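Subject: Handover of a structure, with notes

Dear colleague,

I am passing on the structure below, together with notes on what was found in it. Please read the notes with the structure open beside them.

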Amino acid sequence: MAFEKNQLIRLKIDSLSSEGSGVGRAGGIPVFVPDTAPGDEWEVKILKDCKSHAFGLAQRPLTLSPAHQEPDCPVWKPCGGCCYRHLRYEAELQAKEQVVRDAFLRIGHLEVEVEPILPSPNPDRYRNKVQFPVQAGPEGQVLTGFYAGRSHRVISCPDCLLQPRVLNEISGACREFFEREGIPPYDEATGKGLVRHIFLRQGWHSGQILVCLVLNGDALPREQEFCQMLTGRFEAVHTILLNKNTRRTNVILGPDCRVLYGPGHIEDTLCGVPVEVGPFSFYQVNTAGAEQLYRVAGDYADPRPRDLVLDLYCGMGTIGLSLAGRCGRLVGVEIVPEAVESARANAARMGAKNARFYCEDAGRAAARLAREGLRPDIIILDPPRKGCDGATLAAVLEMAPRRVVMVSCNPSTAARDAAILAGGGYRPRKVRPVDMFARTKHVEAVLLMEK
């Protein structure tokens, strides 16, 4: 069936794609329609016909399913960060569980038990980090919010529902200060202006807040007044920094920070592991969700008192350190120097004398350790979205651990990598989806494979 651009069709939505769009079929051709829910029926305008599939725009609801709800954010459509605001949370969880199930079946071609998805402990207000771009509005006012989809146009968002209210309020206070003092936002087109981003972090358990302004320059006018304003209005502000980024780049942070107030970091705990978090630290943005995720990983790993645990892509070492008291030795590998320093400091603070951390590429480190005869009993993999590289997977197979636990933020690459391990003699036992990023398209999964 061929479609014409702007053609109107009647479409029943049957399912959701991994990107959060509703999917219906017209003449056997799948049509992807954002902002719709399974069970809906819509009048849809065809935007693009790709022969094997098409993309459409929801025009007029004919029937709305019980999964549908009225979105609770006034800017959810132009902002685009929350693709599931129009769905009841139970329907979102079902969709994400199906994404994981489909990935392992269709991409990995693996039969594996998919355990029920774990909901986020807090579907809203769960993020402990936010980066607000700062931009001049059409009338010269200062805007803070988020970039609209596929653009660098800031959508003003005074109260994002994914962030704690206090972080939104701090953003508003900064915006008022910039306007009052005549401090210009950065202009990407000209490379002029001063303030690029407001970077905020909050310790979930400690409540401590880090404020970092990213500047196209060395200094902020009236720095001390800025600090007094923030600390006077927000008792939880623990430290304030300036980050210098004068490059014409989309990368948010520059390499250099200067502390205006406090120690330059905040403290928190994750799975009982004491951590110090600065602007460059990798730290899971949903602390309560991460603790849930890591508990699943720990249960799947189930180390014995004499086991050697190898934690690849270990970041700040939190997953491995949460198991340090249950195993004989822990070896962590991470390529980011700041993360390795944090992991070592975290181990020292908690007295984990059986833990060692190395700064090295995961694939090269795994291959080296395999050549040196390291024989871990359990290997934990927590790769980036692109998944594990071939060298890492080959070294895992060579080291032949009893058990492999993979923590993945991308079910597609997790299924691909699991299929490679399965070809080397490992059987996938079970996988558990975990909703770490409620209201967005992302879903995490923890996989257990045994030799």
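In the hairpin of strand 10 and strand 11, six residues lie between the strands, and G207 takes a positive phi near 80°. Strands here (E, at least two residues) and helices (H or I, at least four residues) are DSSP runs, numbered from the N terminus. The model is a predicted one, in which local features need pLDDT of at least 70 and side-chain atom pairs count only at pLDDT 80 or more, while totals for chains, interfaces and linings use all residues. Residues are numbered from 1 along each chain as its sequence is written, and side-chain values use heavy atoms, with hydrogens and water left out.

Strand 10 (residues 195-202) runs antiparallel to strand 11 and is joined to it by seven bridges, where two strands are said to pair if DSSP finds at least two bridges between them. Within this pair, Q202 stands opposite I209 of strand 11. Strand 11 (residues 209-215) is mostly covered, since seven of its seven residues are buried; buried means under 20% relative accessible area, exposed over 50%, and partly exposed in between, with a 1.4 Å probe and protein chains only. In a regular strand the side chains alternate between the two faces of the sheet. In strand 11, I209, V211, L213 and L215 point one way, L210, C212 and V214 point the other way, and all are buried.

Strand 11 also pairs in the parallel sense with strand 12 (residues 237-244), over seven bridges, and the bridge partner of V214 in strand 12 is N243. Together with helix 4 (residues 223-233), strand 11 and strand 12 make a right-handed β-α-β unit, right-handed meaning that, with the strands pointing away from the viewer, the path from the first strand over the helix to the second runs clockwise.

Elsewhere, eight strands form an open sheet of mixed pairing, in the order 6-21-22-20-19-16-17-18. Strand 6 (113-114) and strand 18 (355-359) stand at the edges with a single partner strand each, so one side of each is left without a neighbour in the sheet. Helix 7 (residues 337-350) packs on this sheet and touches strand 17 (329-334) and strand 18, its direction making about 170° with that of strand 18; contact means heavy atoms within 4.5 Å, and the axes are lines fitted to C-alpha atoms, for helices over the stretch in contact, with angles from 0 to 180 degrees between N-to-C directions. Inside the sheet, strand 19 (residues 378-381) and strand 20 (residues 403-408) pair in the parallel sense over four bridges, with R403 of strand 20 as the bridge partner of I378.

K51, whose phi is near 70°, lies in the loop between strand 4 (41-49) and strand 5 (54-63) and is exposed, with a relative accessible area of 72%. R125 has a positive phi of about 60° and is found in the loop between strand 6 and strand 7 (129-136), but R125 counts as buried at 16% relative accessibility.

As for the chain as a whole, there are 10 helices and 22 strands, and buried residues make up 55% of the 451 residues.

With best regards
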